[in-house]
Amino acid sequence: MIYPENFETKLRFDKVRELVKKQCLSSLGRDLVDEVRFSNSYKNVNRMVNETNEFKTICLEEENFPLGYFIDVRGSLEKVRIDGTYLELEELYHLKRSLESISSILRFFQKKEEGEYPYLMKLTGNVKMYPYIFDRLNGIITKNGRIKDNASAELQQIRSSLIQKQSTISKRMQSMLRAAQKEGWVDQDVALSVRDGRIVIPMPSAHKRKIKGIVHDESATGKTSYIEPAEIVETNNEIRELEYAERREIIKILQEFTAQLRPYIDDLFLAYEFMAKIDFIRAKAMFAIQVKALLPKMVKTPTLLWEKAVHPLLFLTLQNEGRKVVPLSLQISNEQRIILISGPNAGGKSVCLQTVGLLQYMFQCGFLVPMEEESKIGIFDKIFIDIGDEQSIENDLSTYSSHLMNMKHFLRHSDTDTLVLIDEFGTGTEPALGGAIAESILDKLNRKKVCGVITTHYSGLKHFASEAEGIENGAMLYDSHQMRPLFQLQVGKPGSSFAFEIARKIGLPEEILKDATEKVGEDHINFDKHLRDIVRDKRYWESKRDKIRRNEKKLNQLVEQYDKELKDASKLRKDIIEKAQQEAKDLLQSANKTIEKTIREIKESKAEKERTKKVRKQFEETKVQLTQAELEEEERINRKIQKLKNREKRKGQKGEATEATEKVSASKPIAKAKKQFNPDVIEKGDMVKLDNQNTVGEVIEINDKTAVVAFGSILTSVKAKRLSKVSKSQLKKQEKTYNQTSALVQERISKRKLSFRQDIDVRGMRGDEALQIVMDHVDEAIMLDVKEFRILHGTGHGILRQLIRDYLQTVDLVRHFKDERIQMGGSGITVVTME
C-alpha cells in the first residue's frame, strides 16, 4: 500500500518509467513498464530483482544474446481467432521474424548449464514452439517477406505463365518501339513505360494515330501520349487476369495457413508474453547499468542498512554536467527506527528523503538500486510520504491542512511494517503550535514502532529525538568556514540551520541580525552555536581517534615484525649451538678413534721400541693438529670480540685531544703511502679510473699504448693515456663513501618497509588510474621484498577486478593471487602473494 495517489509523481518514479521505456525494443516491453506496480511480497520482489540481476550479467558478459526482431503481433493473432479471417502478407512476415527471435532466445538458455540463470530459465518453462509452424512459414514465405512461387502448385503454374507472357510482350513491344523510332515517330532515347499496370509506348501526340491502339494517358502538357498497341491488348488482358488469379491464390494460401495456425494461438500468446517479459527485464537491466545499480543483500524484515546509496536521476543529471553525486549512508532497524534530519536550507535534506523513498519504491517494484553490494534492504508493507505543497482551492485545503490530512492517514493506517517519509515536519502554521503538534504526532508514530525518515528545523523536535528511544537525530553537514553545504548525512547528532550565518553571507545588514538576535534571545542563538561547537569538537576528536587507530596499527605491525625477527634470531642461535655441538662430538669421536688405533698398534707390535716410538710420534702429530685447529678457531673468535670492543670503545670516545691523536696517527701511514705512490707510472695490478669517472678497475695487462682493465666482471681494452692511477687512500675513501651510501640506502629501504601499506584501495577509480596505482604498488613490493598485500577493488561488475588480475598474471615475481575470505571481503578483495 502506498499513499498518496500521486506518490510516483512526488518521488519522480514516473521519470524512471520513461527512462526504462527508452530501453525497450518494442511495445511488448513498454506495455509491461506501464504495468509496474509496488509489491510487498518478499517472494515476488525477490524473483523480479533476481531476474533483472541475471539479465544485467547477460548484458555485461554475453555478446551473442539474440536481439533480432521484438515485434508485437498479438493484435493480428487476436483478429484471426474468428473463422474466415486470415493474416495479411505483412502480418505473416512479422510473425515469422518474431517467432524466429523467440526460438533463438529459447536456444540461448537451453545451451546454458543448469543453475547459471535459474530465474530467467524458469520463464522458459511455459513457452512452446511447434516445428510444424516454422516449416509451414518457411514453405510459404521468403526471407524478404514475399510469397514463394512453390507455396502451392497452382501459384507456381500461374506465375510461370505470367512470366512467359510478360517476356513475350516485352519482346514484341521492344520490336515495335524500334520500328517506330526507325520511322521517326518516336525519339531515339525514349523507353517503354507502364500505365495502369500495362506496358505502353510514349510517343508525340502528333503521331499517336500512326500506331493502332489504345491511348492510356497523356503528359501534363499534352505533347506526349502513352499508346498500348492493339495487337498486344489481348495479351495484356491475359496478364491482368493472371495477376488477379495470383492474388486469389495467395489469399487462399494465407487462409489455409491461418486455419492451420488457429489451434495454436493460445500457445503463441504465451510465447509473446515471454518475449514481452524478456524485453521488459532487459530494459530494467540496461537502466541498472546506466545508473550503476546492483542487487544488495535482501532481508524479509523492514530494514534499511544502506552504504553509499545514490539518487539515480540526480546521478544522471550530475553526470551530464561532469559532476559527482554525494552518496548517502543510513540505517533503519528495530533499535533505530526513525531518523530526524535537520540542517540548513538547500543542504540536501529533501534530496536525502526522496532518495530513501525512490530507492525503496524502485526495489519493491523489481528494479535494482544504486548502492554498495554489502548494503541490506528489506520489504515494507506500506510506504507513506508527505512531501511538497498539497493545497487545493477546490477542496478548500491550505498547505497546513493538507499536511494534517496526511498525518491523520499516517496515524490511522501505519504499523511496524510501514515506512513514513515526512518533509519539513510541522511547518505551515504558527511555529510554537505547529512544533507542539508535530512532537505529539512523532511520539505517537514512535510508539507504534513505525520506521521513517523525517526532516525538520524545529529545535523542540531535535530535543525530543535526543531523548526518545528508537529515534535518532541526523544532520546534513555544512562547511561553516566556506559557507557551503556538503550534502553529507551524519547520524547521531542534530544539525544547525545556520540561519544567521547564511543571512550574513548574502549581505543582510548587521543591524537587522543584531535586532533579530535580541528578539529571539541569546540563549537560542547560543544553543545553535554550542551545537556547531559540539559538531566541530566531535569531528576533531574523531580525527584524533582515527589517527591513534592508525598509529596503533603501525605499532602492532612493528611489534609483529620484531617478534618475528626475535624468533628468527633465537632459531638461528639454536641452529649454531647445535652445529657447534655436533662438530665437537665429531672431533671427540675422531680423537677417540686415534687413541684406540694407537693402543691397538702398540699391542700388535708387542711393545717393540721403534714401532712404539713411531706410533707415539703419529699420535703427537695428530694431537698437535687438533690442538692447533682449536687454537686457531679460538684466536679467530677472540679477534672478532676484540674488534667489536674496539668499535664500541671508539664510539664512546669524545674530545678534541683524542680526535687529534687519531688524526696524527692516521696521517703517518698516509704520508708514507704518498712517498711510495707514483701517479705517472701505471703497472699491472694497479687500480685505475677511466677519464676521471667514478668506476674503479684493476689493470690486467699493459703495454706502451693500451691496457686491459677489469671493471667488475667486464674486461675492456682502452688507451693508456685515458687511465688515471688511484691511490690506496682514494680507494679507501671511495669504499667508505660506497659503504655509507649503501647503509643509507638500507636505512631508507627499512623506513619504506615500515611505511609500506599492506592494503591499497582503488574502488571507484577508472581502469587506467587504478591499474597505474596497482603497478606502482607491485614495483614497491618487489623492491622492498614484501611477501603479501591486498588490493581492494570492490565487486561491482567485475571489470576492474579482471583488469587488475590480467596485469598480475604478467608479473613474473607474483607467485599467485586469490579472493579474500568471504568474511573478510570475498571477491571484492584480491590477495597477492609474491615470490
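What share of the contacts in the chain with a separation of 6 or more comes from residues 24 or more positions apart? I looked this up before anything else. The share is 68%. Contact here means heavy atoms within 4.5 Å.

**Entry 1: ground rules**

I am working on a predicted model, where local features need pLDDT of at least 70, side-chain atom pairs count only at pLDDT 80 or more, and totals for chains, interfaces and linings use all residues. Residues are numbered from 1 along each chain as its sequence is written, and side-chain values use heavy atoms, with hydrogens and water left out.

**Entry 2: the whole chain**

I looked up the secondary structure. The chain has 24 helices and 24 strands. Both are DSSP runs, numbered from the N terminus: helices are H or I with at least four residues, strands are E with at least two.

Next came burial. Of the 835 residues in the chain, 38% are buried. Buried means under 20% relative accessible area, exposed means over 50%, and partly exposed lies in between (1.4 Å probe, protein chains only).

I also noted the accessible surface, which comes to about 50,700 Å². Carbon and sulfur atoms hold 50% of that surface. The areas come from the Shrake-Rupley method with a 1.4 Å probe, and for residues only the protein chains shown count as cover.

**Entry 3: α9 against α10**

I turned to helix pairs. Helix α9 covers residues 153-183, and helix α10 covers residues 233-261. They pack at an angle of about 155°, with axes 9 Å apart. Axes are lines fitted to C-alpha atoms, for helices over the stretch in contact, and angles run from 0 to 180 degrees between N-to-C directions.

How do α9 and α10 run relative to each other, roughly parallel or roughly antiparallel? They are roughly antiparallel. The classes are: under 35 degrees roughly parallel, over 145 roughly antiparallel, 65 to 115 roughly perpendicular, and the rest oblique.

The crossing of α9 and α10 is left-handed. That term applies if the near helix is turned anticlockwise from the far one by less than a right angle; clockwise gives right-handed.

I then listed residues at this contact. From α9 they include L155, I158, L162 and I169. From α10 they include I239, L242, I250 and I253. The contact of α9 with α10 divides into 9 nonpolar, 4 polar and 8 charged residues. Nonpolar covers Ala, Val, Leu, Ile, Met, Phe, Trp, Tyr, Cys and Pro; charged covers Asp, Glu, Lys and Arg; the others, Gly among them, are polar.

The axes of α6 and α10 come within 11 Å and cross at roughly 45°. That makes α6 oblique to α10. The crossing of α6 and α10 is left-handed.

I followed α6 (residues 89-110) to α8 (residues 131-140). The two helices pack at about 135°, with their axes 11 Å apart. So α6 is oblique to α8. Their crossing is left-handed. L92, L95, K96, L99, E100 and S103 in α6 meet I133, F134, L137, N138 and I140 in α8. I counted the classes: 7 nonpolar, 2 polar and 2 charged residues.

**Entry 4: single residues**

Is H777 buried or exposed? H777 counts as buried, because its relative accessibility is 3%. The residue lies in helix α23 (residues 767-783). Leaving aside neighbours within four places in sequence, H777 is in contact with F756, R757, I760 and F789.

I checked N44 in helix α4 (residues 42-61). N44 is partly exposed, at 33% relative accessible area. N44 and C365 are 321 residues apart in sequence, and 9.3 Å apart in space, C-alpha to C-alpha.

**Entry 5: backbone details**

Which residues does a cis peptide bond join? The bond joins Y3 and P4, with omega about 5°. P4 is in the loop between β1 (2-3) and α1 (7-11).

Then I looked at phi. K292 is not glycine, yet its phi is positive, near 60°. K292 sits in the loop between α11 (265-290) and β6 (297-298). With a relative accessible area of 52%, K292 is exposed.

K449 also has a positive phi near 60°. K449 is in the loop between α15 (431-447) and β13 (451-455). At 45%, K449 is partly exposed.
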